[in-house]
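Student: I have a model open and would like to learn how to read it. Could you take me through it feature by feature?

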Amino acid sequence: MAIRSASAMSSDRTEQIDVRYVANLARIELSDEECTMFQKQLGAIIGYIDTLKDVNLDTVDTENLNAVEDNQLREDISIRSLDQDDLLRNAPESAKGQIRVPKVVDA
Amino acid sequence: MELSNQSITALRQQLISGEISSADIIDSLANAIDTKDAEIGAYLSHDLDAAIQDAKTADLTLPLGGIPIAIKDNINVKGQPCACASRFLEGAYTSPYDATVIGKLRAAGAILYGRTNMDEFAMGSTTENSALANTVNPHDITRVPGGSSGGSAAAVASHSAIAALGSDTGGSIRQPASYCGVVGLKPSYGRVSRYGLVAFASSLDQIGPITQNVEDSALLLNVISGGDSADSTSLDQAQVDFTESLNDGVAGMKLGLPKEYFGDGIDPAVRDKVNESIKKLEAAGAEIVEISLPHTEYAVATYYIIAPAEASSNLSRFDGVRYGNRVEDPKEIIDLYRRSREQGFGPEVKRRIILGTYVLSSGYYDAYYNKAQKVRSLIKQDFANAYKKVDAILSPVTPNVAPKIGADKDNPLQQYLADIFTISANLAGICGISVPCGTITSNSGSELPVGLQILGPHMGEQAILKVAKSVEDLV
């Protein structure tokens, strides 16, 4: 099997992803430079992962697709969780035993 | 011989006989870190004063009593920082709990004194994506140690750690072990609890040992494996002593060579080293069988859909609300998320979150994520078919020796393609180990290690450890 070289891959797919739109879905602010760089790099990556189009999937049993085998659930009983003070110590801002954030809902 | 240069087994014998104390080991380690780590950069932090105190009270009757173990920076150790080598968590997070593997190490008497560098959130294969420190390869400081567990591998290789834990999502234990000339084991999915490992791609992640030799790898696996009610994907399993069958040899074993793993694109010098060790295994009585893993060529594409998809979901927890660094003066809550994540994440993490968000987004989900899950099942089936014919599979760990620092910095796809031999094991949930099988002399005269990968069936660690031990003895 030949390990393909990235430079040999077509990069005509750079228009397929709108990086700024997707970054907004992911709640990441991007600078213009990052946006331009990611547009090119992600275009090449998406061009590559598109090779999955060639795979014959007729024989794949879609019923039990990668079902997590033997997912082992514990007994449904209450157990002691982590200490509130320990957890709040990692919060950027907290008050009265709660985490503080900017106002979310207008009055 | 310096204590820090010795294996767990060798040190344990001297501890039990009373020749040395655990504090002697910590002293030797402190000296090694002091003299080497400024150059190598394997550690993000350590507390050797606390380690000396732990050493004084260590219970030497326990399996790892008095032995210091280094921990990758994405595994929670109560009271220590856990930054995943990210600005997002740097200086802003102290673990409020122990990961299950850490609880097991403590119960076995190990001393947890330091945290090793890594690619940010385990995304990368050179450790250059760490936002906090630079780590170099101890065999050639102009080269990368590999990644993402590069700090753990470099620490063990430079003898500034006796042994370490890493995590492997697509090769992140085996590949740096190969580049650094140490032993790296990725256990089968479910063998080891993931509770307390900061999740990257939950269906692929496993914690495993990076050690100086195969016996230490088996010893650490004895301690860290086991089902755990805090991780529903961990498996209840009979307690096995993985060291017991290590010296049984390979005579009569059937070892498969996947023809897809020995084609073009591999450095011929790497292929020669791997073939030499295969010949030695054959001379020792193993039967070498050519096999086929027909969907190998789709593994990288499948992985780079599934892993970023899971990462985009897992890393949504880093939003600047509950932990980590929050941006100054957020205008409103969305602005808080967006700018905290902009500041906190490095480029590779952003790239993968955006890619993962894209493949999961409306209209693309079937074309990418669903399709990748189907191809994943075919890759899994390839291995199931192969293990009907062979006991274990042999291959290179990587197509090349450790690259120069900065070599593929601006070409992430080229870096991803080099993961070809390691990622299938994660997609299939099987176990794999990297064991040193020789060195190649670089143009500058450095001796660069090459690793042999041994892949075993799901929960087949005993078989691969036995083969790895034979390689270690024969090479």
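This is a predicted model: local features need pLDDT of at least 70, side-chain atom pairs count only at pLDDT 80 or more; totals for chains, interfaces and linings use all residues.

Student: With which residues is B:Ala468 in contact, leaving aside its neighbours within four places in sequence?

Tutor: B:Ala468 is in contact with B:Val183, B:Val214, B:Ile433, B:Val435 and B:Ile454. Two of these lead to elements worth a look. B:Val183 belongs to strand S5 of chain B, residues 183-186, and B:Val214 is one of the buried residues of H7(B).

Student: Which way do the residues of S5(B) point?

Tutor: In S5(B), B:Val183 and B:Leu185 point one way, B:Gly184 and B:Lys186 point the other way, and all are buried.

Student: Which strands are joined to S5(B) by bridges?

Tutor: One is strand S6 of chain B, residues 206-211, antiparallel to S5(B) and joined to it by two bridges. B:Val183 has B:Thr211 of S6(B) opposite it. The other is strand S10 of chain B, residues 431-441, also antiparallel, with three bridges to S5(B). There, B:Gly184 has B:Ser434 as its bridge partner.

Student: Where is there a parallel pair?

Tutor: Look at strand S7 (residues 254-258) and strand S8 (residues 287-291) of chain B, which pair in the parallel sense over five bridges. B:Lys254 has B:Glu287 in S8(B) as its bridge partner. Between the two strands the chain passes through helix H8 of chain B, residues 268-283, and this β-α-β crossover is right-handed.

Student: How should I read burial along a helix?

Tutor: Start with the general idea. An α-helix has 3.6 residues a turn, so residues three or four places apart point the same way. Now take helix H2 of chain A. H2(A) has 18 residues and reaches 25 Å from its first C-alpha to its last, close to the 26 Å expected at 1.5 Å a residue. The buried residues of H2(A) are A:Phe38, A:Gln41, A:Leu42, A:Gly43, A:Ile45, A:Ile46, A:Tyr48 and A:Ile49.

Student: What covers the buried residues of H2(A)?

Tutor: The cover includes H1 of chain A, together with H9, H11, H12 and H13 of chain B.

Student: And how many residues of helix H7 of chain B are buried?

Tutor: H7(B), residues 214-224, is mostly covered, with 10 of its 11 residues buried. Among them are B:Glu215, B:Asp216 and B:Ser217, as well as B:Leu219, B:Leu220 and B:Leu221. Just after H7(B), B:Gly226 takes a positive phi of about 135°.

Student: How many residues does each chain give to the contact between A and B?

Tutor: Chain A gives 48 residues and chain B gives 63. On the chain A side, H1, H2 and H3 each supply at least two residues, and H2(A) has the largest share, eight residues. That side of chain A divides into 33 nonpolar, six polar and nine charged residues.

Student: Which backbone angles deserve a check?

Tutor: A:Arg27, in the loop between H1 and H2 of chain A, has a phi near 55°. B:His159, in the loop between H5 and strand S4 of chain B, has a positive phi of about 55°. Another kind is the cis peptide bond: one joins B:Gly147 and B:Ser148, with omega about 15°. B:Ser148 lies in the loop between strand S3 and helix H5 of chain B.

Student: Why is A:Arg27 called buried, and why is B:His159 called partly exposed?

Tutor: The count of neighbours decides, and the cut-off for buried is 20 or more other C-beta atoms within 10 Å. A:Arg27 is buried because 20 other C-beta atoms lie within 10 Å. B:His159 is partly exposed because its count is 19.

How values were computed:
Residues are numbered from 1 along each chain as its sequence is written. Chains are lettered from A and ligands numbered from 1 in the order in which they are written. A residue is buried if 20 or more other C-beta atoms lie within 10 Å of its own, exposed if 12 or fewer, and partly exposed in between; C-beta atoms are placed from the backbone. Helices (H or I, at least four residues) and strands (E, at least two) are DSSP runs, numbered from the N terminus. Two strands pair if DSSP finds at least two bridges between them. Two residues are in contact if their C-beta atoms, placed from the backbone, lie within 7 Å. Ala, Val, Leu, Ile, Met, Phe, Trp, Tyr, Cys and Pro count as nonpolar, Asp, Glu, Lys and Arg as charged, and the others, Gly among them, as polar. The expected span of a helix is 1.5 Å times one less than its number of residues. A crossover is right-handed if, with the strands pointing away from the viewer, the path from the first strand over the helix to the second runs clockwise.
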